[in-house]
Amino acid sequence: MNLAKPELLKHTGELLLGVIGDPIAHSKSPVMHKAALAALGIPGAYVPMRVSREQVGTALEGIKALGFRGINVTIPHKLEVIPFLNELDETALKIGAVNTIVNDGGYLTGYNTDGIGYVRSLKEEAIAELKGKSILVLGAGGAARGIVYALTLEHPDRIYVANRTADKAEALAAEWKALADIRGMAMDDIPAILGGVDVIINTTSVGMHPHTDGTPLDSERIPPGIVVSDLIYNPLKTLLLADSEKKGCVIHGGLGMFVNQGAFALEYWTGLPAPVEAMRSAVLASMKES
Ligand code: ATR
């Protein structure tokens, strides 16, 4: 069998994985990780588990008792799990949220693969080098925190964070001012800085299914020929991306982020390179079914 760490399977002969959240029924993580296990030839399971807020601590005790190798954590538990973990890696600590837990014989470590998964996808699919670039991030919520932190590791020239509530963008910029040149601003201030921007990234929910006629940036404001990226993957091509494509921009949707956050998680659990294409195909096929 093609498994770098056979000791992972020593208890049950199967690699036990899953995801906790509430709701969880529509998560695409099970279909994606089952395809990954099949492609790697690892016997195992990845199960969706609906866990209420009050049960997060007991659920993590259960993960240890049942011998799960690891789990993903999704909304609304990305902050809730933290007090129950033994350790946080540097990225999860800075972002203050966990989406992946590794169980080493009862010792739980929390990671955050959202931001690094996003940046890996952006670099693979849209722009190979972010060093020296000027990047505009729309939104300053939980998703933006992960993305902005991962972007600082790429040494861009400057990161602008624009948010409907300007205070939140300014607070984020102040918190991480030692990591990069980050400037917080109101959405209304965007036109003044758009001229020098190389990449625009939407982290807000504007344009997400079912409100697909929404866009966080009016079409006429999109600079021609730059890179425009949207974290949303339902729909695969948001109105922002369709408008940007018409302007000759390189466009990048959210599917790659979802696949790559899962790929990093799988790499933490197994120590093996993730079969990214099999994972992407499985998610795409399941989106067509639903
Ligand atoms: P997430 O974890 O997905 O980032 P969040 O923390 O609730 O979720 O953040 C949502 C982000 O989308 C915020 O930046 C929010 O702006 P506010 O801080 O002003 O609320 C932004 N957002 C949501 N709906 C929006 C809308 N209709 N117009 C502009 N921004 C919006």
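## How α1 crosses α10

The crossing of α1 and α10 is right-handed, meaning the near helix is turned clockwise from the far one by less than a right angle. Helices here are DSSP runs of H or I with at least four residues, strands are E runs of at least two, and both are numbered from the N terminus. This is a predicted model, where local features need pLDDT of at least 70, side-chain atom pairs count only at pLDDT 80 or more, and totals for chains, interfaces and linings use all residues. Residues are numbered from 1 along each chain as its sequence is written, and side-chain values use heavy atoms, leaving out hydrogens and water.

Helix α1 and helix α10 (residues 276–289) pack at about 140°, their axes 8 Å apart. That angle makes α1 oblique to α10, because oblique covers whatever is left after under 35 degrees (roughly parallel), over 145 (roughly antiparallel) and 65 to 115 (roughly perpendicular). Axes are lines fitted to C-alpha atoms over the stretch in contact, with angles from 0 to 180 degrees between N-to-C directions.

## The α1 and α9 pair

Now for another partner of α1. Helix α1 (residues 29–40) packs against α9 at about 50°, with the axes 11 Å apart. So α1 is oblique to α9, and α1 passes α9 in a right-handed crossing. Who meets whom (contact means heavy atoms within 4.5 Å)? In α1, Ser 29, Met 32, His 33, Ala 36 and Leu 40 meet α9 residues including Phe 258, Leu 266 and Trp 269. By class, this contact has seven nonpolar, four polar and no charged residues. Nonpolar covers Ala, Val, Leu, Ile, Met, Phe, Trp, Tyr, Cys and Pro, charged covers Asp, Glu, Lys and Arg, and the others, Gly among them, are polar.

## Leu 17, tucked into β1

Leu 17 is found in strand β1 (residues 15–21). At 0% relative accessibility, Leu 17 counts as buried (under 20% relative accessible area; exposed is over 50%, partly exposed in between, with a 1.4 Å probe and protein chains only). Leaving aside residues up to four places away in sequence, Leu 17 touches Leu 266 and Trp 269, among others.

## Helix α4

Helix α4 (residues 114–125) has twelve residues and reaches 16 Å from its first C-alpha to its last, close to the expected 16 Å at 1.5 Å a residue, where the expected span is 1.5 Å times one less than the number of residues. Its buried residues include Asp 114, Ile 116 and Leu 122, and the buried residues of α4 pack against elements including α5 (142–152) and α9 (255–270).

Conventions. Contact means heavy atoms within 4.5 Å.
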